[in-house]
Amino acid sequence: MLDEAYLATKRPDGEMQKKSFSPSSFGYGHGNCPRYWYLAFSGANFIDDNDAQAVANMQYGTEAHARLQKLISTFPEYRAEEVEILNDYPPIRGFADLVMDYDVDVIGEIKTAKQEVWDQRQVTMSSSANHLLQLLMYMHIKEFD
């Protein structure tokens, strides 16, 4: 019953046409595929094939993101949240999670991960390539150093 309930919350399948690139898709999964982008901008029938566990994990990530964003908003360095990022050509639209003031404005992205993934990132002091690409795209468009 829980699986059915999670699956009922998915976006409906159907014909869609993208109007802009999404930086959160750059460098990850289908975002690496030029054919995907061609079809997405031309219009295609999209099918959400996520299973119930994937839907639950995404919802958990969204809830954790909201909790972290609320907590971060109490920091003295906090300046803004959910900053829309727009670029005309190529058409890019996204939302940076926050802006902090550390002598200069700094764009931030909140990402959630399993504990073992976090531990590895912390040991290597590195991000995933697609998360770094997303952040660099936001910085480029907003002309942040």
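## Loop between β4 and β5

D103 sits in the loop that links β4 to β5; helices (H or I, at least four residues) and strands (E, at least two) are DSSP runs, numbered from the N terminus. D103 is not a glycine, yet its phi is positive, about 70°. With 81% relative accessibility, D103 counts as exposed, where exposed means over 50% relative accessible area, buried under 20%, and partly exposed in between (1.4 Å probe, protein chains only).

Y102 belongs to strand β4 and, at 46% relative accessibility, counts as partly exposed. Y102, V104 and V106 make up a nonpolar surface patch with about 270 Å² of accessible area together. Patch members have over 30% relative accessible area and no salt bridge, and nonpolar side chains (Val, Leu, Ile, Met, Phe, Trp, Tyr) are joined within 5 Å. A salt bridge is a side-chain nitrogen of Lys or Arg within 4 Å of a carboxyl oxygen of Asp or Glu. Areas come from the Shrake-Rupley method with a 1.4 Å probe.

## Basis of the model

The model is predicted: local features need pLDDT of at least 70, side-chain atom pairs count only at pLDDT 80 or more, and totals for chains, interfaces and linings use all residues. Residues are numbered from 1 along each chain as its sequence is written, and side-chain values use heavy atoms, with hydrogens and water left out.

## Loop between β3 and β4

P90 is found in the loop between β3 and β4. The peptide bond joining Y89 and P90 is cis, with omega about 0°.

## Helix α5 and its end

Helix α5 covers residues 129-142; its 14 residues should span 20 Å at 1.5 Å a residue, and the end C-alpha atoms are 20 Å apart, which agrees. The expected span is 1.5 Å times one less than the number of residues. Buried residues of α5 are N130, Q134, M137, Y138, M139 and I141. Their cover includes β3 (78-87), β4 (92-102) and β5 (104-108).

E143 lies in the segment after α5. Although E143 is not a glycine, its phi is positive, about 60°. E143 is exposed, with a relative accessible area of 70%.

## Nonpolar core

The largest nonpolar core has 13 residues, and I85 and A96 have the most contacts inside it. Such a core is a set of buried Ala, Val, Leu, Ile, Met, Phe, Trp, Tyr and Cys residues joined through side-chain atoms within 4.5 Å. At least two residues of this core come from each of α2 (34-42), β3, β4 and α5.

Leaving aside residues up to four places away in sequence, I85 touches I92, R93, G94, A96, Y138, I141 and K142; contact means heavy atoms within 4.5 Å.

How values were computed. Patch = residues over 30% accessible without salt bridge, like charges linked within 9 Å, V, L, I, M, F, W, Y side chains within 5 Å.
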